[in-house]
Amino acid sequence: MKRFGARVAHAGFVLWAVATLTFLLFRLMPGDPTLNFLSDSFSEEMRADLLQSFGLDKPLPEQYLIYLGSLLRGDLGVSFLQKRPVLDILLAALPNTAALTVTALVIAYAFGIVAGAFLAFARGTVTEGIAIPAALITRAAPEFWLGMLLLSWLSFAWGIFPSGGANVAGSEFTSEWARLTSVDFLWHLVLPALTLALYLQGLPLLLMRATMLEVLNDEFIVMARMKGLSRWAIVMRHAARNALLPVATAFALGLGSSFGGNVVIETVFSWPGLGRVLVSAVQGADYPLAQGAFIMIAAVLVLMNMVADLLYAWLDPRVSVGARR
Amino acid sequence: MPGASAVARRPVLPGFVRATLGFLRRQPFAVAGLAIYLLFIVTAIFADQIATHDPREILFRGAYRVARYLPPSTTHYLGTTAGGRDVFSQLVHGSRSALQVGVTAAFFVVVIGTLLGLLSGYLGGWVDRVIMRIADIILGLPFLPFVLVISALTRPGTTTLVASVALMLWPNTARVIRSQVLSLRERGWVEAARVTGCSTWRIIFVHIAPQVAPLAALYGSIAVGWAILTEASASFLGFGDPAAISWGLMLQDAFANQALSRGVWSWFVPPGLCIVALVLAGFLVSRGSEKLLFPKLGD
Amino acid sequence: MNRRSILLAASALAGFKGLAPAPSQAQGAAGDPIRPLVLITRPQAAAPAAYQAAELIAQEWRKLGLQVELRPLPNQQMSQVVWYDRQRWDFTMWQMVGRPERGDPDEMVYNLLHSANIATGYNFVGYNNPAYDRLAEAQRSELDQARRQQIVRQVQEVVNQDQPYAFLVHPVNLHAFNKQVFVEASAVKQAGLGIRNFWNWISLTPAGAQRDIIVNSTEPVKATNPFYVSGAPDSWVTDLIWDRLMRVGPDGLPQPWAAERVVQPDATTIDCVLRDGMAFHNGDPVTPEDVVFSFEAPGVGNESPMYRPFVQNIASVTATDAKTVRFKLKRPDAAFRIAVLAKLNIVQKKIWAPVLAEYQGRPENLESYVEARPIGSGPYRFVRSRVNEEVVLEANPNHWAKPKADRWIMRIMTNTEATLGAFRRGEINVLADYFGDPDLVKEMAAQNPRLIAVREEVDIGFQFVGMNLRRAPFSDAAFRRALSAAVNREMMAGAAWNGQAVPANSMVSPALKAWHDAGIVGRVPGGNLDGAKRLLQEAGYRVVGGRLHYPAGVRETTTPFQ
Amino acid sequence: MDALLDVRDLAVHYRTAAGPVRAVDGASFTVPAAGIVGLVGESGCGKSTLGRALMGVLPRAASIAAGSAVFEGRDLVTLAPAERRKLLWRRLAFVPQTAMNALDPVQRLSAQMQEVLVERGGLSRAAAGTRAAALFAMVGLEAGRLRDWPHQFSGGMRQRASIALALALNPALLIADEPVTALDVIVQRQILDVMRDLQARLGLAMILVTHDVAVVAYACDRVVVMYAGRVVESGPVRAVLEAPLHPYTMGLMNAFPDLERAGGELVPIEGAPPSLLNPPGGCRFAARCPFAEARCAQDPALVEHAPDHQVACWRAPEAPALRPLASEAATWAR
């Protein structure tokens with residue numbers, strides 16, 4: 001419990017630091033948000049009004065305090081371009097990113113764990129000689145390139161999957177949940193999730209294989225053999241359970257980093273998620289939106305880093321349950 | 001006397017050669033990785049000689065007619081782009097920017113990461129706390145979004161990209177180096193050095209640093225790949241160095257000009273393969289050296 | 001004839017201002033070498049055609065003996081420099097995009113190059129020619145169509161002589177739609193816009209079971225607000241939800257819309273007689289009070305910075321009877337119909353008056369008000385909008401111009417490859433926002449002649465190189481004429497814009513037939529690269545050692561752009 | 001002699017790139033139906049490999065090259081794996097060295113008990129619970145600690161738990177591999193007491209693999225001394241330790257402190273065991289033996305020199321004369 005509290009406090013500190021860094025980043029860097037509004041009718045007076053309406057005319061420390069206060073209230077400000085609350089825009093995109101990330105990670109880890117465990121037993125075989133470089137290649141290939149190749153084959157050339165978006169145009173749903181669970185949504189999800197999974201599976205695969213090899217050399221595995229236990233019981237109950245510890249942690253970490261790392265995949269597949277909100281906001285110099293998206297992605301990352309730590313502690317009794325004498 | 005010393009020194013070379021040959025035989029992965037590196041390094045050095053055209057030049061065929069989408073031929077090994085530039089020459093010159101980005105980023109990752117890891121691990125105390133806190137904060141920043149934001153807010157370019165990649169990746173190296181240093185610090189010979197009055201700096205840089213160098217190199221070779229992939233992703237999203245000739249920018253150019261729909265494989269496949277090969281080389285080398293460093297995993 | 005020669009004299013005078021010529025110096029001698037010049041452009045990734053054009057232009061200008069360096073800058077930084085650092089840069093690639101209200105030349109003629117806009121307005125090149133200013137002002141208040149056309153043509157000739165911009169091309173919009181989904185003959189083109197226009201959206205007739213218009217957009221819709229548009233897609237949506245008193249017709253001229261008739265008893269009085277039976281989407285009738293409010297609201301405080309300039313010429317707007325709204329103008333305005341009556345949205349006073357009152361006490365302005373469900377009186381009703389995904393509108397069955405389709409859906413697709421794939425697969429059925437390779441669409445249509453119809457239309461907008469007239473040598477009109485002459489516009493259209501553009505030498509597009517000076521492209525002074533060299537020679541510039549030098553006695557005093 | 005286990009000429013080889021390493025090279029000894037047999041020797045002499053060979057869990061690179069190990073009438077060497085599995089833990093159990101990870105770190109002890117009792121012993125879950133508690137009581141642990149994780153136990157407790165686990169299915173033979181090595185002396189004695197006590201109560205047979213002569217002296221009934229993959233001497237503990245016949249055994253006695261009696265000068269055996277890759281011909285101890293003679297170049301056979309006391313040394317008959325010399329440090333010094 002004490003450990004839990006300390007970890008949460010640490011995450012809070014990191015979040016504060018990230019928020020401060022973000023603030024400074026967006027305030028101190030060159031670039032003028034009003035540039036978006038340059039038009040044949042744009043005047044100096046309008047520019048001043050605009051800066052004032054976003055509080056950008058105040059001194060920096062004052063802006064910072066206002067910013068922190070708003071952040072604590074969950075207020076991420078108003079988008080320059082859309083004039084809507086940043087939080088609303090982000091929350092609309094969040095479910096799509098979450099669906100993509102979670103689906104891809106689950107596929108990647110389910111496959112990676114099974115294949116990694118299999119490869120641990122296939123040491124020195126031809127299968128291993130092919131599978132390991134193959135896994136490394138998928139990690140070395142740029143995601144967008146993989147995505148474009150898949151898209152050009154499976155969508156453009158063979159027409160199996162839709163070429164982008166999250167739903168068929170104009171489809172109606174009773175609720176967000178109904179949308180996320182609709183066949184239509186899932187069908188659109190296949191290609192981006194597959195691409196992302198293809199990119200992600202290398203890590204759990206190699207990690208599972210390595211930890212599995214390490215665990216298989218452990219004395220308790222030899223003991224299990226001496227006990228005359230079945231091969232299945234040895235692999236599943238003893239080896240896999242121990243080997244999965246770091247993989248489970250990697251899953252949580254992957255969840256955190258994928259949330260922001262999906263930027264590229266979302267762009268390739270026109271997937272309406274957080275990453276694209278960030279990219280278009282940055283490109284359009286919509287600083288409140290870009291800043292909000294960045295903070296939200298960072299918050300998920302920090303949160304998942306924390307979850308990974310706590311998860312490891314929870315799964316591993318050596319950490320969670322203190323030694324008793 | 002010279003004869004004697006020659007005799008004494010003689011076994012060194014065959015031993016070294018045998019060790020190297022043994023390494024090559026036992027570590028085909030690492031050898032393949034090194035071979036790929038070598039290939040690209042040679043290409044980068046002799047890019048001007050290898051390339052058949054100026055990679056930036058807009059080529060014409062006839063008055064005011066740009067030579068766009070020429071198919072692969074003996075003059076244009078991989079054809080030309082939509083803008084009338086030679087694909088092969090861009091590919092060759094692209095190796096320069098890839099290596100430049102990869103190697104400089106890796107260099108800074110290794111230098112910063114090792115330095116801070118050494119200080120943090122050896123000095124401990126508040127230095128350690130401050131460095132590790134900063135590392136925690138950086139690990140709380142999303143990688144690609146951060147690079148994009150920095151590129152967008154400053155002038156986009158190779159320098160920005162390399163700087164942000166280095167900034168984002170040093171904590172991993174520093175953490176590993178730190179834990180290595182923590183265990184080295186307790187070893188007898190470090191203790192001995194301390195007792196005999198070696199200065200702290202001397203102990204850190206003369207006694208400990210060489211011990212952690214292979215580990216740092218391992219993280220460096222992975223950083224090469226990360227930097228190149230990041231450059232490609234940033235370029236693809238339009239945040240790359242607009243003046244560079246890079247594989248990422250080539251892919252971006254190809255996609256923007258719909259090379260996929262046109263089926264111009266000779267344009268958009270080679271840069272992707274080059275990225276895969278160079279990043280893969282880093283992974284292979286690191287796997288090889290991993291086996292050297294952690295023989296326990298390798299047997 | 002007489003008038004023209006006066007104009008030429010005026011322009012020549014304007015051109016040489018800022019330079020310190022020394023005509024008494026010997027003819028053959030040369031001044032300082034011209035410093036390396038920096039051509040600002042957007043990066044290849046952001047604007048591939050413009051970037052390619054910049055490279056081609058630079059290649060040509062180098063043949064004149066100039067040192068030209070390309071400087072790709074992202075959108076923001078480019079605007080920052082060009083807009084706020086007006087003394088610093090040499091020349092820049094720039095564009096004006098086509099919008100329906102730019103169907104009247106006033107905006108392009110007055111705002112772009114009138115000297116009133118030099119300090120902070122759109123005249124960022126710093127063009128200052130009193131003769132031009134007089135013409136630009138004259139066309140504004142000239143209510144006689146024929147006389148106004150005459151003035152607008154004179155304007156174009158002055159610009160042709162002064163070349164403050166090197167005009168490059170007018171893009172040609174390439175759009176396509178699915179013939180199996182829509183009756184081909186029901187598609188309507190609008191001058192300067194193509195089939196991405198209001199008229200097409202209400203006229204496009206479904207041929208079969210698919211009754212939705214599904215159109216792509218490369219940019220997200222940011223705001224659906226009658227007092228604020230943040231980008232082109234926003235305006236396509238507001239166009240359909242809210243009615244206007246007039247609309248720019250397929251021919252590019254304003255025509256009555258919500259107003260049944262528009263009459264102008266005198267130069268500063270305009271009466272709009274409203275159509276009968278109009279209703280907002282919530283069922284309430286559209287009243288003259290709503291219309292009056294719609295034209296008064298933008299002028300209240302600074303609640304609508306975007307629309308306020310358009311109502312500033314209105315002295316008063318009143319409902320004179322149950323059907324009529326009378327506008328009194330402060331001064332005659334030839335563009336009033338297009339720029340104001342066809343631009344401002346008719347909103348419901350019941351909804352917006354309280355909002356307006358509330359926002360007057362807040363730091364934000366009306367632009368940040370988000371209606372849960374925007375209510376207008378237009379032919380389409382708002383259903384929903386998902387950022388970065390799609391906007392869905394449905395046909396308003398009660399509208400007098402009820403659309404033939406059931407729904408109008410705009411899909412946001414940033415990826416050109418994916419967009420084309422979606423069009424091929426029928427996920428979208430109108431390709432209305434396409435900047436990709438035109439050949440691919442044409443090939444697709446050629447392979448599927450019964451499936452795909454392609455429509456092309458010259459755009460109202462144009463691409464150009466803006467030269468900074470505040471800085472030598474651009475302050476010299478002869479130098480600018482030479483640079484412009486050296487640009488081969490056919491090559492620009494073909495090699496940079498993939499043939500999807502026509503050569504330009506005027507800010508008035510050939511799409512605007514009534515205003516465009518048809519022969520202007522052929523009258524670029526000098527005409528070609530050789531002509532350019534001759535012009536430079538005549539003006540005293542000399543090539544020494546492969547490098548272009550100023551005329552004799554002229555020193556290089558300008559700081560190079562960094 | 002009705003031995004429970006009869007090991008004859010057992011050889012275990014490791015395959016390496018340089019050729020086979022003969023870790024066990026023709027070892028022979030017997031284990032009676034009851035009592036503790038100490039298997040003693042320096043590390044690397046093959047005693048642990050021998051224990052593992054009997055359990056059938058040799059590393060991948062190792063295999064039994066020759067010999068037999070007849071256990072309850074059946075040869076473990078030739079027994080089919082499925083048949084051998086039936087014997088494992090039910091007739092033949094193992095107590096590991098108490099390194100942390102001999103017990104699965106992420107399973108509670110109760111689960112590890114249950115696993116053996118239910119899956120291998122065929123007990124019901126409830127019966128298994130009762131039995132586990134009884135087993136814990138038997139080795140001196142509270143039943144409540146069954147709910148604990150291995151890392152919550154001290155070294156001695158882990159060793160007790162391992163013994164309880166090994167006794168779960170009433171095996172006939174228990175092989176304990178260095179069971180007390182990692183423990184401090186006090187705890188060593190407690191554990192050895194538990195083992196002796198259980199052996200007596202349950203009447204089972206044990207092989208106690210150790211490098212420590214003192215442990216053998218304290219706990220064992222019989223002793224088998226191994227050197228470089230071979231048995232050099234075996235017999236009843238009293239006979240062997242009080243009157244060792246092999247110089248190696250004599251040296252070993254000097255090298256270890258007595259578990260009960262502190263003090264006495266410790267004399268190490270100089271040198272290291274020979275490489276098992278290419279072992280020298282003749283007596284393998286000859287190179288380190290202070291009493292080596294020319295005939296030691298011939299391989300001495302393991303012969304019964306006294307009743308129930310075997311030795312493989314040419315000079316065994318002179319042993320009474322050599323023993324006083326062997327107790328002096330100077331004899332061993334080089």
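1. In this predicted model, strands β10 (residues 230–236) and β12 (residues 309–311) of chain D pair in the antiparallel sense over two bridges. S234(D) stands opposite Q310(D), which belongs to β12(D).

2. Both strands are part of an open sheet in chain D. The sheet has eight strands in the order β6-β7-β8-β3-β9-β10-β12-β11, and its pairing is mixed. The edges are taken by β6 (92–95) and β11 (303–306) of chain D; each has a single partner strand, so one side of each is left without a neighbour in the sheet. On average, neighbouring strands of the sheet are turned by 25° against each other, direction ignored.

3. β6(D) pairs with β7(D) in the parallel sense over four bridges, and A93(D) has L174(D) in β7(D) as its bridge partner. β7(D) also pairs in the parallel sense with strand β8 (residues 205–210) of chain D, here over five bridges. L173(D) has A205(D) in β8(D) as its bridge partner.

4. Is β7(D) mostly covered or left open? It is mostly covered, with five of its five residues buried. L173(D), I175(D) and D177(D) point one way from the strand, while L174(D) and A176(D) point the other way, and all are buried.

5. Helix α5 (residues 155–167) of chain D lies across β6 and β7 (173–177) of chain D, and runs at about 175° to β6(D). Helix α6 (residues 185–202) of chain D forms a right-handed β-α-β unit with β7(D) and β8(D).

6. Chain C contains 17 helices and 21 strands. Its radius of gyration is 25 Å, close to the 24 Å that the globule rule gives for 562 residues, so chain C is as compact as a globular protein of that length. Taken along the principal axes, the C-alpha atoms of chain C fill a box of roughly 80 × 55 × 45 Å.

7. Of the 562 residues in chain C, 57% count as buried. Among its contacts between residues at least 6 apart in sequence, 70% join residues at least 24 apart.

8. An unreviewed UniProt entry lists "domain: Solute-binding protein family" for residues 36–118 and 254–547 of chain C. Residues 36–118 of chain C are 40% helix and 19% strand, and the end C-alpha atoms of this span lie 25 Å apart. Residues 254–547 of chain C are 27% helix and 24% strand, with end C-alpha atoms 52 Å apart.

9. For chain A, the UniProt annotation "domain: ABC transmembrane type-1", also from an unreviewed entry, covers residues 94–312. That span of chain A is 81% helix and 0% strand, and its end C-alpha atoms lie 26 Å apart.

10. Which chains share the most contacts? Of the four pairs of chains in contact, it is chains A and C. Chain B and chain D do not touch, and their nearest C-alpha atoms are 11 Å apart. Chain C and chain D do not touch either; for this pair the nearest C-alpha atoms are 47 Å apart.

Technical notes. Residues numbered from 1 in each chain as written. Chains lettered and ligands numbered in written order. Predicted model: local features only at pLDDT ≥ 70, side-chain atom pairs only at ≥ 80, totals over all residues. Pairing = 2+ DSSP bridges. Axes fitted to C-alpha atoms, helices over the stretch in contact; angles between N-to-C directions. Contact = placed C-beta atoms within 7 Å. UniProt positions renumbered as here; feature names shortened; annotations may be inferred. Rg over C-alpha atoms; globule rule 2.2 N^0.38 Å. Buried ≥ 20, exposed ≤ 12 C-beta atoms within 10 Å, placed from the backbone. Right-handed = clockwise from strand over helix to strand, strands pointing away.
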